[in-house]
Amino acid sequence: MTSLEMTAPTGAHVERATPPAPPAGAGRSWPVIAAAGTTVLLWASAFVGIRFAGHDYSPCAMALGRMLAASVALSGFVALTARRRRSAAPARTRRPRGATLGLVAVWGVAWFGGYNVALNGAERLVDAGTAALLVAVAPILVAVAATLVLGERLTGRLGVGVAVAFVGVALIAATGFTGHVDQLGVALSVLAAVLYAFGVLLQKRLLARVDAVTMTWLGALAGTIALLPFAPALLGELAAAPTSATLGMLYLGVFPTAIGFLTWGYVLSRWTAGRTTAATYLVPPVTVALSWMLLSEVPALLALLGGALCLAGVVLATRR
């Protein structure tokens with residue numbers, strides 16, 4: 001579902017990797033607000049797009065098709081902007097090498113490969129709203145991992161937030177967002193959240209050495225290469241799938257992945273951490289609304305309560 005300085009549309013930020021301070025007065029800029037709104041809408045639409053195209057494409061084939069489209073779009077952007085970015089920040093826009101390049105590849109395979117496959121598989125079994133709200137707990141996993149792995153301080157607020165979000169997840173898992181529950185779908189959604197959290201923690205370390213655009217581009221290429229064994233499946237499904245499903249798959253690569261990443265990078269460079277975090281909390285509610293309108297997936301009342309608890313727990317646990 002996968003930003004230039006965060007790896008998914010759910011609010012676990014890596015802004016501590018020292019992005020530039022937002023310019024004075026940037027929070028009042030309408031272009032920035034428009035870019036933030038565009039990103040939220042695109043990332044929310046990704047959950048709906050996966051649900052739509054997933055009827056005709058298997059999880060791995062759809063992930064490959066999506067990443068092929070994203071890699072082409074991102075490569076074009078990098079080629080067009082390479083000179084300007086080098087002059088703006090020459091040290092961090094050099095191509096990573098050695099161990100750094102290897103870690104960028106690991107990040108790309110986990111995020112653009114593993115996360116996409118897990119989420120695609122989940123959304124064959126659960127609706128878009130369920131998947132979005134379960135993946136939305138990833139920032140809590142990041143916060144917990146930071147205390148266990150990175151030695152960050154465990155706060156009472158984090159503990160309460162984890163507990164509240166866990167209750168929300170349990171309610172969703174027990175009822176299903178549209179009244180139907182599939183435990184494998186829930187498990188795959190949670191796996192997607194775990195992969196998302198891993199991606200955030202790794203990206204957080206790497207952004208000190210690699211600029212966000214370069215890292216995203218190389219990560220997308222690595223994820224695409226990792227998915228190439230599924231090319232025969234993709235070719236076979238392309239021949240049988242309706243045009244609408246294929247366009248949906250291409251949409252996922254060009255818009256939520258490539259363009260969504262680029263607009264979010266613009267926002268991150270101009271807004272404070274608090275504003276960007278608040279913006280990403282809108283993704284699950286917008287997903288629910290889009291799923292309701294476009295797919296007629298009507299949320300169950302108890303699952304709506306569970307989703308609200310998930311978001312409340314995430315806000316509480318990640319609030320600075």
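Predicted model: local features only at pLDDT ≥ 70, side-chain atom pairs only at ≥ 80, totals over all residues.
**Exercise 1: confidence first**

Work out which element of the chain has the lowest mean pLDDT and which has the highest.

*Solution.* Now go element by element. Helix α11 (residues 273-280) has the lowest mean, 60, while helix α9 (residues 231-240) has the highest, 97.

**Exercise 2: α3 against α7**

Find how helix α3 and helix α7 are oriented relative to each other.

*Solution.* Grab the geometry first: α3 (residues 98-122) and α7 (residues 183-206) pack at an angle of about 160°, and their axes are 8 Å apart. Angles over 145 degrees count as roughly antiparallel, so α3 is roughly antiparallel to α7. Next comes handedness: α3 passes α7 in a left-handed crossing. Last, sort the contact residues by class, which gives 18 nonpolar, seven polar and no charged.

**Exercise 3: α4 against α7**

*Solution.* Helix α4 (residues 128-135) packs with α7 at an angle of about 40°, with the axes 8 Å apart. Roughly parallel would need an angle under 35 degrees, so α4 and α7 come out as oblique to each other. The crossing of α4 past α7 is right-handed. On the α4 side, the contact is made by Ala-131, Leu-134 and Val-135; on the α7 side, by Val-186, Ser-189, Ala-192 and Ala-193. By class, that contact has six nonpolar residues, one polar and no charged.

**Exercise 4: two residues, buried or exposed?**

Decide whether Thr-246 is buried or exposed, and do likewise for Leu-184.

*Solution.* Take Thr-246, which sits in helix α10 (residues 243-268). Its relative accessible area is 16%, so Thr-246 is buried, the cut-off being under 20%. Leaving aside neighbours within four places in sequence, Thr-246 is in contact with Tyr-57, Leu-238 and Ala-241. The C-alpha atoms of Thr-246 and Met-62 are separated by 9.0 Å, although the two residues are 184 residues apart along the chain.

Now Leu-184, in helix α7. With a relative accessible area of 52%, Leu-184 is exposed, as that class starts over 50%. From C-alpha to C-alpha, Leu-184 and Gly-121 are 9.2 Å apart in space, and 63 residues apart in sequence.

Note on methods
Residues numbered from 1 in each chain as written. Heavy atoms only, no water. pLDDT = per-residue confidence, 0-100. Helix = DSSP H or I, 4+ residues; strand = E, 2+ residues; numbered from the N terminus. Buried < 20%, exposed > 50% of the residue type's maximum accessible area, 1.4 Å probe, protein only. Contact = heavy atoms within 4.5 Å. Axes fitted to C-alpha atoms, helices over the stretch in contact; angles between N-to-C directions. Parallel < 35°, antiparallel > 145°, perpendicular 65-115°, else oblique. Left-handed = near helix turned anticlockwise from the far one by under 90°. Nonpolar A, V, L, I, M, F, W, Y, C, P; charged D, E, K, R; others polar.
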